[in-house]
Amino acid sequence: MLSTYKDSTVYQIYPRSFCDSNGDGVGDIPGIISKLDYLKELGVDVIWLSPVYKSPNDDNGYDISDYKDIQPEFGTMEDFDLLLAEAKSRGISIIMDLVINHTSDEHEWFRRALAGEEKYKNYYVIKKGKNGRLPNNWGNFFADCPWEPFGDPANEEYYLHLFSKKQPDLNWDNPGIYDEICDIMRFWLDKGVAGFRCDVINIIHKRSYENGKKHLALTGKEHYLSTEGTHKILAALRRDVMDKYDAFTVGETVLVDIPMANDLCHPDRKELDMVFSFEHMECDQVGVKWFKTAFKPKKLMRILTKWQKGLGWNTCYFENHDQPRSVTRFTEGGEYRAIGAKMLLGLLFSLRGTTFVYQGQEIGMTNGAFDSLDEIVDIESHNVDKMARSLGIINPFRWHLIRRTSRDNARTPMQWDDSDGAGFTTGKPWLKIHPNYREVNVARDSVDADGVSAFFKEINAFKKQSPVLKDGEFSELHMGRKVFVFERVRGDERLIAICNFSKSPAAIPIPVSGRTVISNYKDASDNGRLRPYEFMLIDPKGDKNDKGR
Ligand code: GLC
Ligand code: CA
């Protein structure tokens with residue numbers, strides 16, 4: 001176990017959209033290498049690299065056709081080795097994305113299964129239809145049908161795919177799969193990676209393939225959510241592989257509640273080290289994630305509080321490659337974009353847990369500016385459009401739904417500078433660059449003493465040297481319609497965080513005094529009133545006149 005994972009700041013790179021070194025419009029590994037000094041300066045300890053393995057790219061690399069090779073668009077294995085070495089020389093570790101619920105249908109295993117090799121057929125979930133009907137009534141994560149004919153449709157055999165039809169699910173009842181995956185993990189760990197972010201890891205083992213209870217989108221989920229089988233696999237991977245290395249895991253665990261999360265990552269159980277939960281990412285949705293509703297800050301505060309108190313150690317994140325941008329979601333944006341982005345970072349770093357940030361969050365990048373579905377690449381969005389069409393939802397309502405929820409909102413190219421191509425590429429970018437790159441970009445933000453990234457560096461550095469912020473217990477002090485106040489306590493050390501989730505000034509709802517150690521406004525506080533999207537971190541023991549920043 002990487003002993004420092006609790007104290008690390010993890011920065012997620014979505015390679016396709018990070019930095020393109022050769023002008024083909026697609027980010028690549030040499031591009032990442034060229035930005036390592038930038039990441040070092042931000043105070044990043046660990047990079048989580050979204051998949052760079054060989055892939056036909058149906059789901060941007062989450063459909064892997066060779067787990068031991070690099071996607072040619074991204075570079076070569078030599079490039080990867082160089083990235084690892086260059087990162088290491090700067091004290092930065094790298095964790096890989098481990099996608100083991102499914103492979104690509106272009107993986108050799110699936111090809112050999114299709115060619116009739118029994119051994120490989122048994123690597124996947126292949127079931128007979130029933131009297132012309134599908135094997136069961138399950139739903140699919142990408143608004144699709146989860147069964148696709150396997151080989152000749154006359155055979156009435158289907159393979160299971162909980163995601164795209166180019167992502168057949170692996171059969172984890174087959175011990176052969178376990179051996180293959182151990183081998184893949186060792187391959188990367190032996191190279192020196194610091195662990196894995198484990199994709200949809202709590203659904204890998206299916207308890208049964210019976211019909212499921214009706215659900216809006218995921219009928220059947222009770223048959224595969226955090227099963228005993230999955231717990232056993234995780235414990236075995238930990239014992240047989242992970243514990244032999246200085247490395248850690250963070251599981252992407254969909255649909256988990258606190259007891260389930262606790263079972264997946266409690267230190268005594270020796271399964272995962274940490275999990276990503278989603279309840280806070282669902283605070284602005286009704287039912288499924290494609291139906292968004294108005295954001296109510298109090299709901300977010302309540303959910304964060306519940307998880308802070310309910311789970312021993314959290315991952316703290318507001319963004320990743322599957323979620324719309326936090327500044328668009330949780331603030332008014334516009335003239336409040338930068339101050340709002342800083343407030344959200346202040347909140348994020350003040351929580352208890354390992355902090356995960358996503359590329360662009362450090363400069364307050366916003367949701368993409370797409371004009372129509374034609375500009376969207378994300379397979380999920382296209383499936384949602386089809387589903388909505390079949391439900392009789394007409395445009396512009398379908399587009400309205402997709403524009404707000406599409407994963408491409410977070411996947412627009414990184415905005416490095418104000419040159420054509422935003423410093424991301426000299427060619428034609430694979431996905432539309434947000435036109436606000438002329439104002440919102442790294443070159444401009446990083447020379448602004450009051451920029452988002454300056455604040456990011458400040459609070460990141462502060463947390464690293466603050467035992468109470470790293471480790472102190474969390475208690476909520478006030479959860480209002482717009483204002484959130486909480487404290488962190490460790491022994492007799494205490495820090496109080498205050499966040500205003502509104503463009504309107506507000507009174508500080510409870511008496512708080514002391515020294516402001518971090519604030520997202522440069523000038524001293526407005527006599528106890530909170531300014532728009534103000535964030536303050538207060539040391540109650542300090543003298544309020546000594547700002548100490
Ligand atoms: C995870 C990934 C997502 C991917 C899915 C299927 O949720 O984060 O991007 O589409 O798994 O692998
Ligand atoms: Ca490239």
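This is a predicted model: local features need pLDDT of at least 70, side-chain atom pairs count only at pLDDT 80 or more; totals for chains, interfaces and linings use all residues.
The phi angle of Val200 is near 30°, a positive value in a residue that is not glycine. Because its relative accessibility is 4%, below the 20% limit, Val200 is counted as buried.

A positive phi also occurs at Ala143, likewise a residue other than glycine, with a value of about 55°. Ala143 belongs to the loop between strand E6 (126-128) and strand E7 (147-149). The relative accessibility of Ala143 is 18%, which is under 20%, and the residue therefore counts as buried.

A further backbone feature is the cis peptide bond between Asn395 and Pro396, for which omega is about 5°. Pro396 is located in the loop that links helix H12 (379-390) and helix H13 (397-405).

The calcium ion (ligand 2) has protein donors from five named positions: Asp20 (OD), Asn22 (OD1), Asp24 (OD), Val26 (O) and Asp28 (OD). These donors lie 2.3 to 2.4 Å from the ion. Along the sequence, the donor residues of the calcium ion (ligand 2) follow the spacing D-x1-N-x1-D-x1-V-x1-D.

Helix packing was examined for one pair. Two packed helices are described by the angle between their axes and the distance between the axes. For helix H3 (residues 77-89) and helix H6 (residues 175-191), the axes come within 10 Å and cross at roughly 55°. This angle makes H3 oblique to H6, since it falls between the roughly parallel class, under 35 degrees, and the roughly perpendicular class, 65 to 115 degrees. On the H3 side, the contact is made by Met77, Phe80, Asp81 and Leu84. Phe187, Trp188 and Lys191 provide the H6 side. The residues of this contact between H3 and H6 comprise 5 nonpolar, no polar and 2 charged.

Notes:
Residues are numbered from 1 along each chain as its sequence is written. Chains are lettered from A and ligands numbered from 1 in the order in which they are written. Side-chain values use heavy atoms; hydrogens and water are left out. Axes are lines fitted to C-alpha atoms, for helices over the stretch in contact, and angles run from 0 to 180 degrees between N-to-C directions. Helices (H or I, at least four residues) and strands (E, at least two) are DSSP runs, numbered from the N terminus. Angles under 35 degrees count as roughly parallel, over 145 as roughly antiparallel, 65 to 115 as roughly perpendicular and the rest as oblique. Contact means heavy atoms within 4.5 Å. Ala, Val, Leu, Ile, Met, Phe, Trp, Tyr, Cys and Pro count as nonpolar, Asp, Glu, Lys and Arg as charged, and the others, Gly among them, as polar. Buried means under 20% relative accessible area, exposed over 50%, partly exposed in between (1.4 Å probe, protein chains only). Donors are N, O and S atoms within 2.8 Å of the metal (3.2 Å for Na, K and Ca); water is not among the atoms, so sites may look incomplete.
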